[in-house]
Amino acid sequence: MNGQLLKVENLTKHYPLGTGFLNKTVPVVRAVEDVSFSVEAGETLCIVGESGCGKSTVARLLMRLVEPTGGRVLIDGTDIAGLKTHELRASRRRMQMVFQDPYSSLNPRLTAGQIITEPVENFERLSRKQRQALAADLLRKVGMRPGMMHRFPSEFSGGQRQRLGIARALALQPSLIIADEAVSALDVSVQAQILNLLLDLQQEMGLAFVFISHDLGVVEHIGHRVAVMYLGRIVELAPCEALFANPVHPYTEALIAAAPVPDPTRVRLEVPVEGEVPSPVNPPSGCAFHPRCPLAVDRCRIEVPPLVPMADGRVVACHVRAPAADTSGRPVAAASSSLTVG
Ligand SMILES: Nc1ncnc2c1ncn2[C@@H]1O[C@H](COP(=O)(O)OP(=O)(O)OP(=O)(O)O)[C@@H](O)[C@H]1O
């Protein structure tokens, strides 16, 4: 890992519900609220959270497929919002996306060779020979035979299609790949093969990943650091091992407790977190997790907790577990509380 590639500062996305009539304010979906993180070259940052917490919206904002309501995305120190069309195209070469559904994300009328070389052909004209050489090289990179370039998507399995999606993303030699639920549609054994392929490619090419998943098993396998999102906000961002060994935010603890445990020796926590994720149109006041949190105190109902740096390098937004210092520098609540209450 050698240098900051991507920096996200206070990224916010509100989707208006309908259009305002006679300047009437319209309700908004608060999909992403004040999200900040960075990714270094060669690093994998995972983003986890339940459905609807804003993970895919973050991915779309990074690719500038949607415009932010606020905040900035910087690639190699350059704010992508200020880029002209041709500069944006160039910055997109640095950052490519792999999508969830390998069945619908490939054009069924194109051959595998055409599909994976198309991104390059959007920038430069290739001779037939150049296209074939590039397709062969990309197919080899993702563990497929060059002879497969003449086949159509319908002739491939789900895992092979996702390999094609990865080959296509590699065509422009990006530094960063955003993978949005890239293995969720695949069988578990195929998932492992694709994850190992991504790890090999990272080693070989120094690729960085923003890896979005709701599956903690997958995240634990592939992540260097993990950002946990709840209702549009990051509530904990920590090195992967530290997060799984010692989750600090009660929501992180609940997510890990609720996940299937592949390792039977790992102690499973009994966390009494109940209820549904509230609506992002009208989120709870203060800490959005407080209605479901067994540790909530009065302050949680009133103030949004800031992300507080902890000694082991993680940041946590929790008034109880990671209290911000008051003006005198003293913590304002107990530094740690057990979740296994009552
Ligand atoms: N174009 C849109 N217009 C209005 N609301 C939207 C739009 N796109 C997403 N949302 C809402 O924004 C919130 C965050 O959605 P998002 O898809 O980013 O979450 P997610 O964590 O990726 O969920 P999932 O895992 O189900 O894909 C949700 O409440 C969703 O309904």
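The exercises below work through the sheets, the core, the ligand shell and some single residues of this protein.

The structure is a predicted model, in which local features need pLDDT of at least 70 and side-chain atom pairs count only at pLDDT 80 or more, while totals for chains, interfaces and linings use all residues. Residues are numbered from 1 along each chain as its sequence is written.

**Exercise 1. State how many helices and strands the protein has, and what share of its residues is buried.**

Solution. Helices (H or I, at least four residues) and strands (E, at least two) are taken as DSSP runs, numbered from the N terminus. On that basis there are 10 helices and 12 strands. A residue is buried if 20 or more other C-beta atoms lie within 10 Å of its own, exposed if 12 or fewer, and partly exposed in between, with C-beta atoms placed from the backbone. By this count 38% of the 342 residues are buried. Two residues are in contact if their C-beta atoms, placed from the backbone, lie within 7 Å. Of the contacts with a separation of 6 or more, 63% are between residues 24 or more positions apart.

**Exercise 2. Give the strand order of the open sheet of 8 strands, and explain what is particular about its edges.**

Solution. Two strands pair if DSSP finds at least two bridges between them. The order is β6-β7-β8-β3-β9-β10-β12-β11, and the pairing is mixed. Because β6 (95-98) and β11 (308-309) each have a single partner strand, one side of each is left without a neighbour in the sheet. Helix α9 (residues 250-258) packs on this sheet, where α9 touches β3, β9 and β10 (233-239) and its direction makes about 100° with that of β9; axes here are lines fitted to C-alpha atoms, for helices over the stretch in contact, and angles run from 0 to 180 degrees between N-to-C directions. Strand β3 (residues 44-48) runs parallel to strand β9 (residues 225-230), with 4 bridges between them, and Val48 is placed opposite Val228 of β9.

**Exercise 3. Identify the residues with the most contacts inside the largest nonpolar core, and list the contacts of Leu176 beyond its sequence neighbours.**

Solution. A nonpolar core is a set of buried Ala, Val, Leu, Ile, Met, Phe, Trp, Tyr and Cys residues joined through C-beta atoms within 7 Å. The largest one has 88 residues, and those with the most contacts inside it are Ala167, Leu176, Ile178, Val210, Val228 and Tyr230. When neighbours within four places in sequence are left aside, Leu176 is in contact with Leu5, Leu6, Val39, Arg94, Met95, Ala208 and Val210.

**Exercise 4. Find which residues come nearest to the ligand, and which elements contribute to the shell around it.**

Solution. A residue is near a molecule or strand if its C-beta atom, placed from the backbone, lies within 6 Å of it. There are 13 residues around the ligand, and Tyr15, Ala31, Ser51, Ser56 and Thr57 come nearest. The elements giving two or more residues to this shell are β2 (28-40) and α1 (55-62), and α1 gives the most, with 3 residues.
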